[in-house]
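Let's take a friendly walk through a protein chain together. Have a look at the sequence and the 3D picture, and then read on with both in view.

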Amino acid sequence: DSSIAVVGMACRLPGAQNLDEFWRLVRGGGAAWGPVPEERFNRQLYFDPQPGVLNKSYSDLAALLPYREVNREICPISVASAASHDLAHVTLCEVAAAACHQGGFNPASLPSPNTGVYIGHAAASGMAADIIYSTYIAETARYLREATGFERLAAGLGDQVIQEMIEQVRKNGSKISSEGPYLGASMAARLIAETFALNGPCVSLNAACASSSRAVIQAVRALGSGSIDMAVVGGASFFHSDTLVLFCQSRSVSAQGSHPFSDAADGLVIGEGYVVVLLETLERALANNHRVLAVLPSVGASSDGRGKSLWAPRLEGQVKAMQLAYGPGVSVSQLQYIEAH
């Protein structure tokens with residue numbers, strides 16, 4: 001039997017700080033999107049209700065969650081690591097620890113150090129962008145010289161204005177040193193591997209909206225080949241206001257809200273969240289008397305090839321993915337739940 005067992009899981013999602021809250025949200029038909037708080041979206045600079053305005057978002061909705069300091073009673077992350085890594089990666093690490101506890105494991109001593117970490121993840125918080133911005137602000141500030149009337153400033157005053165602007169941006173921005181912050185997407189997986197003392201592979205995969213499903217597939221294949229004993233698998237997504245602006249340029253975002261499979265649907269609502277599952281082969285889980293929460297009998301994936309656009313999936317690619325996933329021995333009659341894009 002090549003089936004894979006889910007032996008632990010945890011989440012932090014909009015409207016749900018844990019599994020029980022998420023289950024209540026789903027069962028109650030709830031929705032966790034709403035207006036983006038002012039501290040996370042500067043409406044004065046980036047909002048315009050009229051669609052099509054360059055560099056503006058016509059929507060100010062998102063599905064967000066509150067952030068807090070890591071709970072070290074749950075997560076064995078060190079004070080130094082928590083301070084030197086991105087907030088998104090630290091949050092994911094805590095969720096991974098919670099998944100271990102939920103499965104009856106100690107994250108500081110999993111049954112086997114030969115455990116792989118596979119995370120679907122594209123970009124963490126805006127800290128990396130802030131550092132890039134403060135690094136290149138001098139190049140941007142020089143365009144002030146091309147502004148109408150700038151040359152009429154008193155001698156030397158223009159240079160002073162530019163220098164003050166550069167210093168102010170760099171004063172308020174994040175600073176990078178040999179001690180961090182560590183911001184690369186790969187750190188989403190690496191921080192978990194280091195914190196839990198794991199020596200299996202640690203990989204962050206960026207396949208856009210398919211990132212976490214690709215992480216599951218890579219983990220399942222590694223477990224099936226016997227190259228690892230267990231896998232920590234998850235997805236991490238952090239809301240960026242610039243993403244809201246960019247998606248509005250393609251008119252793919254809704255200003256009214258999320259209404260799946262409805263005639264009222266007019267776009268998506270951007271969200272963020274963190275989910276982690278612990279996987280091992282069903283055979284190993286049963287042999288070790290681990291609690292089995294769910295079973296993955298098979299996985300499958302494909303791409304749509306050359307189509308109209310990102311927003312118009314091709315039938316052929318979608319059907320191929322399902323054929324690969326169901327394959328021999330898995331009946332469509334077993335289907336209980338569908339999660340759609």
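Ala208 is found in the loop between strand E5 and helix H8 (211-225). Helices (H or I, at least four residues) and strands (E, at least two) are DSSP runs, numbered from the N terminus. Ala208 is exposed, with a relative accessible area of 59%; buried means under 20% relative accessible area, exposed over 50%, and partly exposed in between (1.4 Å probe, protein chains only). Ala208 also has a positive phi of about 55 degrees although it is not a glycine. Most residues other than glycine have a negative phi.

Before going further, a word on the model. This is a predicted model, in which local features need pLDDT of at least 70 and side-chain atom pairs count only at pLDDT 80 or more, while totals for chains, interfaces and linings use all residues. Residues are numbered from 1 along each chain as its sequence is written, and side-chain values use heavy atoms, with hydrogens and water left out.

**The whole chain**

The protein chain has 11 helices and eight strands. Taken along the principal axes, its C-alpha atoms fill a box of roughly 80 × 50 × 40 Å. Of the 341 residues in the chain, 37% are buried. Contact means heavy atoms within 4.5 Å. Among contacts between residues at least 6 apart in sequence, 74% join residues at least 24 apart.

**Two helix pairs**

The table sets out two pairs of helices. Axes are lines fitted to C-alpha atoms, for helices over the stretch in contact, and angles run from 0 to 180 degrees between N-to-C directions.

| Helix pair | Axes come within | Crossing angle |
|---|---|---|
| H4 (residues 87-102) and H7 (residues 187-195) | 9 Å | roughly 50 degrees |
| H5 (residues 127-141) and H6 (residues 157-172) | 9 Å | roughly 165 degrees |

Angles under 35 degrees count as roughly parallel, over 145 as roughly antiparallel, 65 to 115 as roughly perpendicular and the rest as oblique. The crossing angle of roughly 50 degrees makes H4 oblique to H7. H4 passes H7 in a right-handed crossing; a crossing is right-handed if the near helix is turned clockwise from the far one by less than a right angle, and left-handed if anticlockwise. On the H4 side, the contact is made by His89, Val90, Leu92, Cys93 and Ala96, and on the H7 side by Met187, Ala188, Leu191, Ile192 and Thr195. By class, this contact has eight nonpolar, two polar and no charged residues. Here Ala, Val, Leu, Ile, Met, Phe, Trp, Tyr, Cys and Pro count as nonpolar, Asp, Glu, Lys and Arg as charged, and the others, Gly among them, as polar.

H5 and H6, in turn, are roughly antiparallel to each other, and H5 passes H6 in a right-handed crossing. Tyr133, Ser134, Thr135, Ile137, Ala138 and Ala141 of H5 meet Ile162, Met165, Ile166, Val169 and Arg170 of H6. That contact has eight nonpolar, two polar and one charged residues.

Is H7 enclosed or open? Seven of its nine residues are buried, so H7 is largely enclosed by the rest of the structure. The buried residues are Met187, Ala188, Ala189, Leu191, Ile192, Ala193 and Thr195. They pack against helix H3 (79-84), H4, strand E4, strand E5 (202-205) and strand E6. Just after H7, Ala197 takes a positive phi of about 55 degrees.

A nonpolar core is a set of buried Ala, Val, Leu, Ile, Met, Phe, Trp, Tyr and Cys residues joined through side-chain atoms within 4.5 Å. The largest one has 38 residues, and Leu92, Val117, Ile192, Phe196, Val232 and Tyr274 have the most contacts inside it. Among the elements giving two or more residues to this core are H4, H7, strand E4 (115-121) and strand E6 (230-237). H4 gives the largest share, nine residues. Val232 touches residues including Ala96, Val117, Ile192 and Val276. A second, separate core of 13 residues includes Leu205, Ala215, Val220 and Ile228.

**Another loop**

Where is Lys56? Its place is in the loop between helix H2 (43-46) and strand E3 (61-62). Lys56 counts as partly exposed, at 23% relative accessibility. Its C-alpha atom is separated by 7.9 Å from that of Leu45, 11 residues apart along the chain. Asn55 lies in the loop between H2 and E3 and has a positive phi of about 60 degrees although it is not a glycine.

Methods:
Lists of a residue's contacts leave out its neighbours within four places in sequence.
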